[in-house]
Amino acid sequence: MNKKGNSILLIGESGVGKTHYGAQLLQRLMKGDGLLRMNGAATNLEPFEAALENLNEGRAADHTATSTYVDSVWPVSGRDGRMAELVWPDYGGEQIKSMISARRVPTSWQERVQTAEAWLLLIRPQQMRVSDDIFSRSLVDLRGKSVENFEIEISDQARMIELLQMFMFVGSTSERPLERPRLGVLITCWDELGFEGTPADALNKRLPMLGAFIRSNWSQPLILGLSALERPLNAHDRDKEYASRGPEEFGYVIRADGSRSSDLTAPVSLLLDCFG
Ligand SMILES: Nc1nc2c(ncn2[C@@H]2O[C@H](COP(=O)(O)OP(=O)(O)OP(=O)(O)O)[C@@H](O)[C@H]2O)c(=O)[nH]1
Ligand SMILES: [Mg+2]
């Protein structure tokens, strides 16, 4: 068992669903009916247990404090009995935002980038702004606009690309297309997208520049959809049906071919080579 080999660098800005996925994943690992199951004592479960308490009552969990960074260590085994120690983090997503704006990767993050076996990028298209340009609006519509009215800022797609490039630099990845670290892209909150098709189609349609960047830099990116909750929950009002059926009855993954699976452990199992 090699810790270095099995840590996943979870990359996601605030509000993409890191904590809710972590909580649901932890519960599925404990239940043990998916591709991966918990096999031993896990540590540092507090952030996920707190989120699960809320989900059990049919409520959404809180936003994670900006400065938090917790590595939870989960001993897992696959169907064939192979074991691994999965390092699953929870952190305040603003850390990602500040790395992009400061163009600086703190030492603690440099180490995570360099030692991770795989990177898992969580993206929630509904919260990414896609600005108007000549591809989304005709020139006639854009012509009348005064330049002074525009606040010049880098688009959300470009920010994510910037971040990946910073991590690629820090991780000294020089060969192209990249095989290592493996890259997984999870399109989160799939239920709110209302998209029929494969996750790769969704990425290319909603965020074409980011999709093109990923395709041209990684040889085999794994692009999946995820709805950790299956429906929107509120932090204050209880969803009684959710509470009575239990959060374990909810949540799904959209596989690369567009089919749906209730096994929330599948993305991790597919990403980690030791289960491949
Ligand atoms: N509709 C829907 N909403 C979801 C899903 N997963 C999470 N959410 C909502 O998305 C919001 C953000 O989820 P979090 O898990 O707290 O996001 P986070 O990435 O941990 O954010 P920070 O802690 O701020 O970094 C919450 O209000 C959740 O209710 C989902 O599968 N479907
Ligand atoms: Mg969180």
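1. Leu186 touches Tyr21, Leu120, Leu121, Leu122, Ile123, Leu224, Gly225, Leu226 and Pro267, leaving aside residues up to four places away in sequence. Contact here means heavy atoms within 4.5 Å. Leu186 sits in strand S6 (residues 182-187). Helices (H or I, at least four residues) and strands (E, at least two) are DSSP runs, numbered from the N terminus. Leu186 counts as buried because its relative accessibility is 1%. Buried means under 20% relative accessible area, exposed over 50%, and partly exposed in between, with a 1.4 Å probe and protein chains only.

2. A note on the basis. This is a predicted model: local features need pLDDT of at least 70, and side-chain atom pairs count only at pLDDT 80 or more, while totals for chains, interfaces and linings use all residues. Residues are numbered from 1 along each chain as its sequence is written, and side-chain values use heavy atoms, without hydrogens and water.

3. The metal site comes next. Thr19 (OG1) and Thr64 (OG1) coordinate the magnesium ion (ligand 2) at 2.0 Å. Thr19 belongs to helix H1 (residues 18-31) and Thr64 to the loop between helix H2 (46-56) and strand S3 (69-78), so the pair ties together parts 45 residues apart in sequence. Both Thr19 and Thr64 are buried. Donors are N, O and S atoms within 2.8 Å of the metal (3.2 Å for Na, K and Ca); water is not among the atoms, so sites may look incomplete.

4. The axes of H1 and H2 come within 8 Å and cross at roughly 85 degrees. H1 and H2 are therefore roughly perpendicular, a label for angles of 65 to 115 degrees. Axes are lines fitted to C-alpha atoms, for helices over the stretch in contact; angles run from 0 to 180 degrees between N-to-C directions. H1 contributes residues including Thr19, His20 and Leu26, and H2 residues including Phe48, Leu52 and Asn56.

5. Backbone geometry deserves a check. Most residues other than glycine have a negative phi, and most peptide bonds are trans. The Arg176 to Pro177 bond is cis, with omega near -10 degrees. Arg180 and Pro181 are also joined by a cis peptide bond, with omega about -5 degrees. Pro177 lies in the loop between helix H6 (156-170) and S6.

6. Asn44 is not a glycine, yet has a positive phi of about 55 degrees. Asn44 is partly exposed, at 36% relative accessible area. Ser172 has a positive phi near 50 degrees. At 60% relative accessibility, Ser172 is exposed.

Terms used:
Chains lettered and ligands numbered in written order. Parallel < 35°, antiparallel > 145°, perpendicular 65-115°, else oblique.
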